[in-house]
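Here is a friendly walk through the spaces and helix contacts of one protein. Please have the sequence and the 3D view ready.

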Amino acid sequence: MKLSIRHTTHYSFAEPVIHALQRLRLTPKETQGQSILNWKMHYENAHPELEYEDQNHNTVTLVAVEPGTSEVTVTCEGRVETQDNAGVIGSHSGHMPLWSFLGQTKLTKPGPKMRAMMRELGAPQEDAKLDFLHSLSSRIIEQVEYETGTTQVSTTAEEAVANAHGVCQDHTHIFIGSARACGIPARYISGYLMMNDRIEQEATHAWAEAHIDGLGWVGFDVSNGISPDPRYVRVATGRDYRDAAPVTGISFGSTEQALTVDVTVEQQQDQEQ
């Protein structure tokens, strides 16, 4: 499947910025089942300083905001070709050892509510980890209803379970924390999803991957109750949201900023010659 993607991020600062740097993880990965046909990034009132690969094999672009500006726009667009591998990415690679995806972070660490949910599922059998993870995904969406506006990027997995509401980021953190607590390596994925009912979206998407012996990394989209298919585009991976966040940064000279995001993802039809 060939997908056409356009992602626009617009910042409005309350006061002119003296100095600001933004770290962008907005370039899709070349990985099993995914090829980048073309990808470009455009900047208004900002310019790229450096591009590098981080510890998770994410392409990171460091962008400097023009001094004195009050608005910045970053637009990414391109085409990606995907295949259906039933959510299986395959063997582990990268700079981070597999065991590093067993350690909990502040965002994934289980508390009493998560541990109670996990007790209901029981411990995974060594030869049935895949079935256990699918059951875990189903249990999370049963207990934590998808609802926007109820959490924020700093909300922990335990807080989301306690509140019984959240979005894809929260579902992903709960899944990751629970899998790690059971001795299964798990990681966070940020990227794009082509929706069946609309082209325009207000945010990127997030899902999880767990590592299973004999299969390697396998994807789980808890919010939608499926494993990723050709409609999914992987952009960045990490131990939690902070490692894979599309945009992070610092600024001096303005204390408040408003952020708007517009994303369009649609299937591209091949043109007959």
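## The largest pocket

By class, the lining of the largest pocket has 17 nonpolar, 20 polar and four charged residues. In this scheme Ala, Val, Leu, Ile, Met, Phe, Trp, Tyr, Cys and Pro count as nonpolar, Asp, Glu, Lys and Arg as charged, and the others, Gly among them, as polar. The model you are viewing is predicted, so local features need pLDDT of at least 70 and side-chain atom pairs count only at pLDDT 80 or more, while totals for chains, interfaces and linings use all residues. Residues are numbered from 1 along each chain as its sequence is written, and side-chain values use heavy atoms, with hydrogens and water left out.

The space in the largest pocket is about 1200 Å³. A total of 41 residues line this pocket, and the closest to its centre are Val167, Cys168, Glu202, Ala203 and Thr204. The elements that give two or more residues to this lining are β1 (2-13), α4 (168-181), β10 (186-193), β11 (200-201), β12 (205-212), β15 (247-252) and β16 (257-267). Helices (H or I, at least four residues) and strands (E, at least two) are DSSP runs, numbered from the N terminus.

A word on how such spaces are found: rolling a probe the size of a water molecule over the atoms shows where empty space is left. On a 1 Å grid over the protein atoms alone, a cavity is a set of points where a 1.4 Å probe fits but cannot get out, and a pocket is an open set with protein on both sides within 12 Å along at least five of seven lines; lining residues have an atom within 4 Å of a point. Grid points are joined across faces, edges and corners, and a volume is the space filled by probe spheres set on the points.

## The second largest pocket

The second largest pocket holds about 320 Å³ of space. Its lining has 22 residues, of which Lys29, Thr31, Asn56, His57 and Ser93 lie nearest the centre. By class, this lining divides into five nonpolar, 12 polar and five charged residues.

## Two cavities

How many cavities of 30 Å³ or more are there? The count comes to two. The largest cavity has about 170 Å³ of space, and among its 18 lining residues Gln83, Ile89, Pro228, Asp229 and Arg234 lie nearest the centre. Strands β7 (88-90), β12 and β14 (232-238) are the elements that give two or more residues to this lining. Its residues divide into six nonpolar, eight polar and four charged.

The second largest cavity has a volume of about 40 Å³. Lining it are His7, Arg25, Leu26, Ser190, Gly191, Tyr192, Thr204, Val235 and Pro246. Here β2 (19-27) and β10 are the elements that give two or more residues, and β10 provides the largest share, with three. The classes are four nonpolar, four polar and one charged.

## Helix α2 and its partners

Helix α1 (residues 112-121) packs on helix α2 (residues 129-143) at an angle of about 130°, with the axes 11 Å apart. Axes are lines fitted to C-alpha atoms, for helices over the stretch in contact, and angles run from 0 to 180 degrees between N-to-C directions. The two helices are therefore oblique to each other; angles under 35 degrees count as roughly parallel, over 145 as roughly antiparallel, 65 to 115 as roughly perpendicular and the rest as oblique. Met117, Glu120 and Leu121 in α1 meet Phe132, Ser135, Leu136, Arg139, Ile140 and Gln143 in α2, where contact means heavy atoms within 4.5 Å. This contact has five nonpolar, two polar and two charged residues.

The axes of α2 and α4 cross at roughly 140° and come within 10 Å, which makes α2 oblique to α4. This crossing, too, is right-handed. From α2, Leu133, Leu136, Ser137, Ile140 and Ile141 meet His171, Ile174, Phe175, Ser178 and Ala179 of α4. The contact of α2 with α4 has seven nonpolar, three polar and no charged residues.

## Helices α1 and α4

Between α1 and α4 the angle is about 65°, with the axes 11 Å apart. The crossing is right-handed. Met114, Met117 and Met118 of α1 make the contact with Ile174, Gly177, Ser178 and Ala181 of α4.

Key. A crossing is left-handed if the near helix is turned anticlockwise from the far one by less than a right angle, and right-handed if clockwise.
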